[in-house]
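Hi there,

Here is the model I promised to pass on to you. Have a look at it first, and my notes follow below.

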Amino acid sequence: MADTSVELRDLAKYHGATLAVDHLSLEVRSGEFFSILGPSGAGKTTTLRLVAGFERPDQGEILIEGRSMRHVPPNLRPVNLVFQTYALFPHMTVFDNVAFGLEMRRVSRSDLRSRASAALDMVKLSDKHDRHPSQLSGGEQQRVALARALVNRPAVVLLDEPLGALDQQLRQEMQVELKAIQKQVGITFICVTHHQEEALIMSDRVAVMDHGRVLQVGSPQEVYESPTTEFVARFIGLSNHLKGRIATLHDTTCTITAPDIPAAGSILIRRPPGAMEATRVMLLLRPERLHLSHNVHPGRFHNAVSARVDKVTYTGNEMQYLVRLSDSVLWKARLPNSGASQDRFRVGETVLLCWNADDGVILTE
Amino acid sequence: MSRGRIWLLSASLVNLLFLYLPIAVLILFSFNASRLSATWQGFTFRWYLALVEDQALLAAVHNSLLVAAVSTSLATILGVSAAVGMERLSSRRRRIVEGALLLPLVIPEVMLGVALLLFFVMVELPLSLVTVTIGHVVWNVPIVAIITRARLQKLDPRLEEAALDLGATPWQAFRRVTLPLLTPAIIGAVLMAFTLSLDDFIVTFFTAGPGSTTLPLQVYSMVKSGVSPEINALSAILVLISMALIGLSLVLQRQRN
């Protein structure tokens, strides 16, 4: 099992009476960027703290490079954690912060100097080595925290919401950079985040977690294109839903009928594996894939349903619409703000809502 | 200036006068050339010079400094340990320890003095500078612990975890991360404890034996035969030293990283 970096076996942890981590099993491969994605309270941070050794599991086992961590205290584990709040030592300079781990491991003075300098170079902070953390910007502090972990060459770097405290633009830059650094050093990264885009951009594989359990593990594409549960589907942005039943099966597609919007007739959608006729299903669609038109069928869409605009929200780069398909079905649609008047729709207007077979998924109930 | 501000300002002024006017008068009369304190007869340093000649007084100063230094050192070690240890207790146990620790500060000092005296008699420890020092440690420990804990509670617990995560043993994490961050608060606590020890009368009165007269006790015995200008001079020095130490202590406690 040289290929496995971290293995969690049937891990359970109670916080008081609540099960924060619910019999979780996971395998993280060597050298991969693995993300644990989930809403707050899903047990992601607890899982990370269990791996780092700050909390003891009530049940189950953690193996790092095949070695059980059961009796290993945090200071002897081959992992380093990048804290959400960075936890830089305020009374030490940037250099001393980065060198702290090497000093604790009794690395020789000259080695320590060259390794700490190299780590600061990697995060582009070599000119700030004698500053104190309070003199750095949030982004710079984040880089110091990363360098402080990487310099020890651990088997695994754990990141707890690493970009959570950064503003939107810096966040996007750091997503790319973090991934590049991870590739360069080749160390296994386990990153905890509630931000789905972040997880999809950076990761080789993603585990979606909720209520202490892993719901789905896969490549970003697998998770995004083929969610296997309703929770995962909603969490990664498939927020429009509709109940229905499979009517006919084709090679790659199938049609479903939805009693809640009888006017729609049969809806064409990608066929999931193992689909059978007459099964009850849930149709889930992405708001950004829906197209609106002024009652003229544009032709290039598989599906078109008549709807009424209930609400319009202007966000600058986007127009967000709430459209009513029937008394019980209210969907969201997000259209890029093209500026053209024929792409604007008013409240109360009847529109044609169009989408393709690939723009959503169906889950069997 | 608005009416409200004028009111606020004059109320503050009256308060300050009330607090500091007696002290100001005392300092003023310590420079009075007259032996009869009530009237101003011109400026002199005579009473300050007379203090240096008073052998009994110098012995008392020596005793006071010794007691303050030793009791503060002991109280600092015990108080800081208590504060750090308390952070690791469950919240229920912490409340119990907190209550027990605060007790010496809330019970009337006379009671504490009597209790200590009874205790020393019971264990047959002769009253001396040793018993005075022990008495001072009793209320200096909670003072150091409270000041240290106030700072400790503001520290991010993640800092110590980060040190552990980077390979430090729990002791190294404390030595290299927690302790340096606590240092300003600890120095503040030391100054506070030292000052309170230097100024204490009641507990010292009950626990002191022959030959262990401290400065406040000496002042008291001098006052018994009437308030002399020497006492004014001595008190002025004590007040200024105490104010300086407490001021420094507060500045250090407020310091942030």
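Which residues line the second largest cavity? They are A:Tyr224, A:Glu225, A:Leu238, A:Arg270, A:Arg286, A:Arg289, A:Asp358, A:Asp359, A:Gly360 and A:Val361.

Before the rest, some housekeeping. This is a predicted model, where local features need pLDDT of at least 70 and side-chain atom pairs count only at pLDDT 80 or more, while totals for chains, interfaces and linings use all residues. Residues are numbered from 1 along each chain as its sequence is written, chains are lettered from A and ligands numbered from 1 in the order in which they are written, and side-chain values use heavy atoms, with hydrogens and water left out.

On the terms: on a 1 Å grid over the protein atoms alone, a cavity is a set of points where a 1.4 Å probe fits but cannot get out, a pocket is an open set with protein on both sides within 12 Å along at least five of seven lines, and lining residues have an atom within 4 Å of a point. Volumes are the space filled by probe spheres set on the points, with grid points joined across faces, edges and corners. Helices (H or I, at least four residues) and strands (E, at least two) are DSSP runs numbered from the N terminus.

Cavities
The structure holds 4 cavities of 30 Å³ or more. The largest has a volume of about 60 Å³, and its lining includes A:Val6, A:Leu26, A:Phe34 and A:Ile190. Helix 1 of chain A gives the most to that lining, with 3 residues. By class, the lining of the largest cavity has 10 nonpolar, 1 polar and no charged residues (Ala, Val, Leu, Ile, Met, Phe, Trp, Tyr, Cys and Pro count as nonpolar, Asp, Glu, Lys and Arg as charged, and the others, Gly among them, as polar).

The second largest cavity holds about 50 Å³ of space. Its lining has 3 nonpolar, 1 polar and 6 charged residues, and helix 7 (220–225) and strand 20 (360–364) of chain A each supply at least two residues.

The largest pocket holds about 400 Å³ of space. It is lined by 15 residues, of which B:Glu87, B:Arg88, B:Asp156, B:Pro157 and B:Glu160 are the closest to its centre. Helix 7 of chain B gives the most to this lining, with 5 residues. By class, the pocket lining has 8 nonpolar, 2 polar and 5 charged residues.

Best wishes
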